[in-house]
Amino acid sequence: MSQPLKVAAIPGDGIGKEVMPEGLRVVRAAAKRFNIDIQFEPIDWASCDYYEKTGQMMPDDWKDQLSPMDAVFFGAVGWPAKVPDHISLWGSLLKFRREFDQYINLRPVRLFDGVPCPLAGRKAGDIDYLVVRENTEGEYTNLGGIMYAGTDREIVIQESVYSRFGADRVLKYAFELANARNRKHLTVATKSNGIAISMPWWDGRADAVGRDYPAVTVDKQHIDILSARFVLQPGRFDVVVASNLFGDILSDLGPATTGTIGLAPSANLNPERKFPSLFEPVHGSAPDIYGQGIANPIAMIWSGALMLDFLGHRDAHDAILQAIETVLKQGPHTPDLGGQATTEALGRAIEQLV
Ligand code: ATP
Ligand code: MG
């Protein structure tokens, strides 16, 4: 066996602390079955408890501590009753994204049997695609300002900034992903009919990058109709790539069409592995259900599967996904899925099947 994989395990706040043990349980089981040498480093910072004790979300040397890791496995951060969200979020997760250049945000969207779908008449297999969001530039800049503030002439400007480097790398990642899948289909989110400078340019970069992937069919869709089709014709999609803002919206809309929020996983990737990538459930700390042991751990567990896949273990990923599929079909189910099982019971059931 080669060098052990080192993973920081950060539960964070609220139900992050309840779903993390189940994520670890299942990842460890898969690692055992597939003979993967993986070591977890438990970390109690990047949490509001730590903030209460120290006045900051993370120690000053957080970057030195995390840099040697192959990945960060993350629960949820935020406890608004104690710490305002902008402090907890900007003091932890958003720092990771930026300083570790996690320029890809990847969200699988998949409908399973046993999960009530808010879209009428859809069954498992009808929805199965990946949303790739550009995670570092585009519309999320702090460039701009307000002129004539407080007067009738008030004007506000906020710039969107794209770079060839930044667009090409996310497009390349999306083309690679599409090229490796059966359907080899890539939807490029755009709005070149209305946003007349940046979006035609973005389309042009997609054409340029796509020249290296002749097997991939490309479908450019305006963000408005694309959103409608997520709801009306989800079967059209295989891999979807979008700039930061459009990707942000699509990566919530997509999972919303497949049922419970407790299922959706995400990956913040630095594909070159120059820095650690981060794997976390899409849901937050859910203060309303924390402490009852009823949070659905599947988003955490699925995020663990994405992590194993990213670290080179597709077989372990697939085994976990199969186990999740079976448990969703047969139970046990947590209350969000209409059952009465605990977080731990679900984790153990999935562990048994891996
Ligand atoms: P964020 O922290 O991302 O801003 P939020 O605080 O708005 O999100 P969540 O913490 O994700 O929202 O909770 C939203 C709702 O979904 C809550 O009612 C919560 O109980 C429920 N929920 C979230 N995650 C889970 C889960 N894993 N299992 C069951 N219910 C969940
Ligand atoms: Mg929250």
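**Exercise 1.** Is tyrosine 148 buried or exposed?

*Solution.* This is a predicted model, in which local features need pLDDT of at least 70, side-chain atom pairs count only at pLDDT 80 or more, and totals for chains, interfaces and linings use all residues. Residues are numbered from 1 along each chain as its sequence is written, while chains are lettered from A and ligands numbered from 1 in the order in which they are written.

Step 1. A residue is buried if 20 or more other C-beta atoms, placed from the backbone, lie within 10 Å of its own, exposed if 12 or fewer, and partly exposed in between.
Step 2. Tyrosine 148 has 10 other C-beta atoms within 10 Å, so tyrosine 148 is exposed.
Step 3. Tyrosine 148 sits in the loop between β6 (144-147) and β7 (155-158); helices (H or I, at least four residues) and strands (E, at least two) are DSSP runs, numbered from the N terminus. Its phi is positive, near 50°, in a residue other than glycine.

**Exercise 2.** Classify lysine 184 by its C-beta neighbours.

*Solution.* Step 1. Lysine 184 has 18 C-beta neighbours inside 10 Å and therefore counts as partly exposed.
Step 2. The loop between α6 (164-179) and β8 holds lysine 184. Lysine 184 is not a glycine, yet has a positive phi of about 50°.

**Exercise 3.** Describe the surroundings of arginine 107.

*Solution.* Step 1. Strand β4 (residues 104-110) contains arginine 107.
Step 2. Arginine 107 counts as buried because it has 22 C-beta neighbours inside 10 Å.
Step 3. Two residues are in contact if their C-beta atoms, placed from the backbone, lie within 7 Å. Leaving aside residues up to four places away in sequence, arginine 107 touches Val131, Ser251, Gly254, Pro255, Ala264, Ser266 and Val282.
Step 4. Alanine 267 is 160 residues from arginine 107 in sequence, but 6.7 Å away in space, C-alpha to C-alpha.

**Exercise 4.** Which residues of helix α8 (residues 223-232) are buried, and how are they arranged?

*Solution.* Step 1. Ile223, Leu226 and Phe230 are the buried residues of α8.
Step 2. Viewed down the axis of α8, these residues fall within an arc of 55° (taken from the directions from the helix axis to the C-beta atoms), so they line one face of the helix.
Step 3. Asp224, Ile225, Ala228 and Leu232 are exposed on the other side of α8.
Step 4. The cover over the buried residues of α8 includes β8, β9 and α9 (244-256).
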